[in-house]
Amino acid sequence: PKPKLSAVLILIYPILTEPHTVLVLRSNYQGVHSGQVGLPGGKKEMIDDSLSNTALRETEEETGVVSKNITLIGKLSKLYISPSGYLVQPFVGYTEKTPVFVPDIKEVDELIEVPISMIMDDRLVKQTTIQLKSSESTVKTPYFDISSHIVWGATAMILSELKEVIKKSNF
């Protein structure tokens, strides 16, 4: 079937002098991504004239960070998520100041602030077995162990690509 277009944002911002990003623990709802840790983002809507606008709008809705304060600096590889049928375009953006977060309590159970150095730490990439919500199957998968949260699937793939980009750029 034709994929549903969506976008997410890796928002980089300082806490003191250390660059961080934010992940969201999604609320429980009837859907395959319920209760999972992900990046702020979502489905492209009619009001969005581009996927970059989708990423900015969804980030503002979910985290409260005003989109006009975010500067987009690039994008990563598109990724198809078969259980939900989404084709996700990840964007990277930054703010020069530490944002004031106001999470949407309907969509987000918790905001998880993550130092970029944590994503770069190879010791936090582990393996686990996940029970898939879309079937009765389990899958052995790599994940990031971030603040006692299992960050796996598309989000882990996107963070892995970010990690490789940072390594190659000597950031």
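Biologist: Is K97 buried or exposed?
Modeller: In this predicted model, K97 counts as exposed, because its relative accessibility is 69% and the cut-off for exposed is over 50%.

Biologist: Where does K97 lie?
Modeller: K97 lies in the loop between β7 and β8.

Biologist: Which residues does K97 touch, leaving aside those up to four places away in sequence?
Modeller: K97 touches Y13 and P14. A separate distance concerns I70: K97 and I70 are 27 residues apart in sequence, and their C-alpha atoms are 10.0 Å apart in space.

Biologist: You mentioned Y13. How many aromatic pairs are there?
Modeller: The count comes to one aromatic pair. The rings of Y13 and F101 have their centres 5.6 Å apart and their planes at 70°, so the pair is edge-to-face.

Biologist: Which parts of the chain does that pair link?
Modeller: The pair links distant parts of the chain. Y13 is in strand β1 and F101 is in the loop between β7 and β8, 88 residues apart.

Biologist: Are Y13 and F101 buried or exposed?
Modeller: Both Y13 and F101 are buried.

Biologist: Let us turn to the whole chain. How many helices and strands does it have?
Modeller: The chain has three helices and eleven strands. From the N terminus on, the elements run β-β-β-β-α-β-β-β-β-α-β-β-β-α.

Biologist: What is the radius of gyration of the chain, and what would a compact globule have?
Modeller: The chain has 15 Å. A compact globule with 171 residues would have a radius of gyration near 16 Å, which agrees. Taken along the principal axes, the C-alpha atoms fill a box of roughly 45 × 40 × 30 Å.

Biologist: What share of the residues is buried?
Modeller: Buried residues make up 44% of the 171 residues. As for the surface, the chain exposes about 9500 Å², and carbon and sulfur atoms supply 54% of that area.

Biologist: What share of the contacts joins residues 24 or more positions apart?
Modeller: Such residues account for 59% of the contacts in the chain with a separation of 6 or more.

Biologist: What is L23 in contact with, beyond its neighbours within four places in sequence?
Modeller: The contacts of L23 include V37, L39, L111, I112, I146, V151 and L159.

Biologist: What about T59; where is it found?
Modeller: T59 is found in helix α1. T59 is buried because its relative accessible area is 0%, whereas the cut-off for buried is under 20%. Not counting residues up to four places away in sequence, T59 touches L9, P40, G64, V65 and I70.

Biologist: One last topic, backbone angles. What is the phi of S147?
Modeller: S147 has a positive phi of about 50° although it is not a glycine. Most residues other than glycine have a negative phi. S147 is found in the loop between β10 and β11, and at 42% relative accessibility it counts as partly exposed.

Biologist: And what is the phi of S148?
Modeller: The phi of S148 is near 65°, again a positive value in a residue other than glycine. S148 lies in the loop between β10 and β11 and counts as exposed, at 72% relative accessibility.

Methods
Residues numbered from 1 in each chain as written. Predicted model: local features only at pLDDT ≥ 70, side-chain atom pairs only at ≥ 80, totals over all residues. Heavy atoms only, no water. Contact = heavy atoms within 4.5 Å. Helix = DSSP H or I, 4+ residues; strand = E, 2+ residues; numbered from the N terminus. Rg over C-alpha atoms; globule rule 2.2 N^0.38 Å. Buried < 20%, exposed > 50% of the residue type's maximum accessible area, 1.4 Å probe, protein only. Areas by Shrake-Rupley, 256 points an atom, 1.4 Å probe, with all protein chains shown as cover. Phe/Tyr/Trp six-rings, centres within 6.5 Å; stacked < 30°, edge-to-face > 60°.
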